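Please have the structure open while I talk.

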Amino acid sequence: MDFINFKDQVCLITGAGSPSGIGFATAKIMGRLGAKIALTATTDRIFEREAELTAEGIDAKAYIADLMDREQTRELVAKVAADFGCIHALVNNAGMVQTGQGEEDMTPVKDMTYENWDTSIDRNLNITFNVTKNVLPYMTENKYGRIVNVSSVTGPVVSNPGEAAYSAAKAAILGLSRALAIEVGKDNITVNSVLPGWIGTASQTEAEEAGGLNTPMKRSADPEEVANAIVFLASREASYITGESLVVDGGNTIQEYKGPAELYY
């Protein structure tokens, strides 16, 4: 038997529309380990991901919803619970950039509009809150749950110019996770965060790829490498780990020296 298995478990994964993203990588691993998968995105490409999973014999169902819209979020979670009967694990992966919404705003704070700030907070923090709040009643009733929030090293550990809103949101996810972990521990619900560094997805920029080459591992992570961490924290076996933050960045944030490798290491 596999060390980890998700037999008879229903796992809801948000932000799973990209074929090369962390969300879909997580869905594939969980599904192959026996989970029933509910996956969401904002566009109909999510049905392509559903088809890929079902072609492997995985019990999967796709849903379209704008999770910044609280009514849509409520309806989505209710539909998932009705379709599958319950929700055992939630992976809050949605955030960063939504398809069709353009790139994340990189304006310095002094020039940023209130609208752009609010949009970034909505996308990168409030989505996590919106989905979690609606899933919690089902987990509380079942006296079981695993919640894994995908944050980032950007904000909690490091940052960059023009990323104040994104950094604030991703750092806030850790505070949310810790407080919630204390609130729901008595109900056998754990809440943890995964903090990815440079990830080699299809949307990775040239600058981000260069950043990955300057980590101790000398490369960006594959989405599956982040997904493996998420899957463990979402499993039954991670039963006494809660309120924790796991950095998955190839050692990038532990290195003090940031200059050319040939001058030091």
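Predicted model: local features only at pLDDT ≥ 70, side-chain atom pairs only at ≥ 80, totals over all residues.

Let me begin with a question: is Val247 buried, partly exposed or exposed? At 34% relative accessibility, Val247 counts as partly exposed, where buried means under 20% relative accessible area, exposed means over 50%, and partly exposed lies in between, with a 1.4 Å probe and protein chains only.

Residues are numbered from 1 along each chain as its sequence is written, and side-chain values use heavy atoms, with hydrogens and water left out.

Val247 lies in strand S7, residues 245-248; strands here are DSSP runs of E with at least two residues, helices are runs of H or I with at least four, and both are numbered from the N terminus. Together with Val157 and Val158, Val247 forms a nonpolar patch on the surface, with about 190 Å² of accessible area in total. Such patches are made of residues with over 30% relative accessible area and no salt bridge, nonpolar side chains (Val, Leu, Ile, Met, Phe, Trp, Tyr) being joined within 5 Å and like charges within 9 Å, and the areas come from the Shrake-Rupley method with a 1.4 Å probe, where for residues only the protein chains shown count as cover.

Now to a lysine in the interior. Lys170 is found in helix H5, residues 164-184, and with 4% relative accessibility it counts as buried. What does Lys170 touch, leaving aside residues up to four places away in sequence? The list is Asn124, Val150, Ser151, Ser152, Thr154 and Pro156, where contact means heavy atoms within 4.5 Å. As for Val150, its backbone oxygen lies 3.3 Å from a polar atom of the Lys170 side chain.

Turning to the charged pairs, a search of the whole structure finds nine salt bridges, each defined as a side-chain nitrogen of Lys or Arg within 4 Å of a carboxyl oxygen of Asp or Glu. One of them joins the side chains of Glu56 and Arg32, at 2.9 Å from N to O. Glu56 lies in the loop between helix H2 (46-55) and strand S3 (60-64), and Arg32 in helix H1 (residues 22-32), so this pair ties together parts that are 24 residues apart in sequence. Glu56 is partly exposed at 42%, whereas Arg32 is exposed at 52%.

Within helix H3, residues 70-84, Arg74 and Glu71 sit three residues apart, about one turn of the helix, and their closest N and O atoms are 2.6 Å apart in a salt bridge. Lys79 and Asp83 also lie in helix H3, four residues apart, again about one turn, and their salt bridge has its closest N and O atoms 3.0 Å apart. Lys79 is partly exposed at 39%, and Asp83 is partly exposed at 34%. Elsewhere, salt bridges that share partners join Glu48, Arg49 and Glu52 into one network.

Finally, the cysteines. The search of the whole structure finds zero disulfides, a disulfide being a pair of cysteine sulfur atoms within 2.5 Å. For Cys11, the nearest cysteine sulfur is that of Cys86, 9.8 Å away. Cys11 is buried, with a relative accessible area of 1%, and Cys86, at 15%, counts as buried too.

Methods
Polar contact = N/O pair within 3.5 Å; in protein donor to acceptor, adjacent residues only side chain to side chain.
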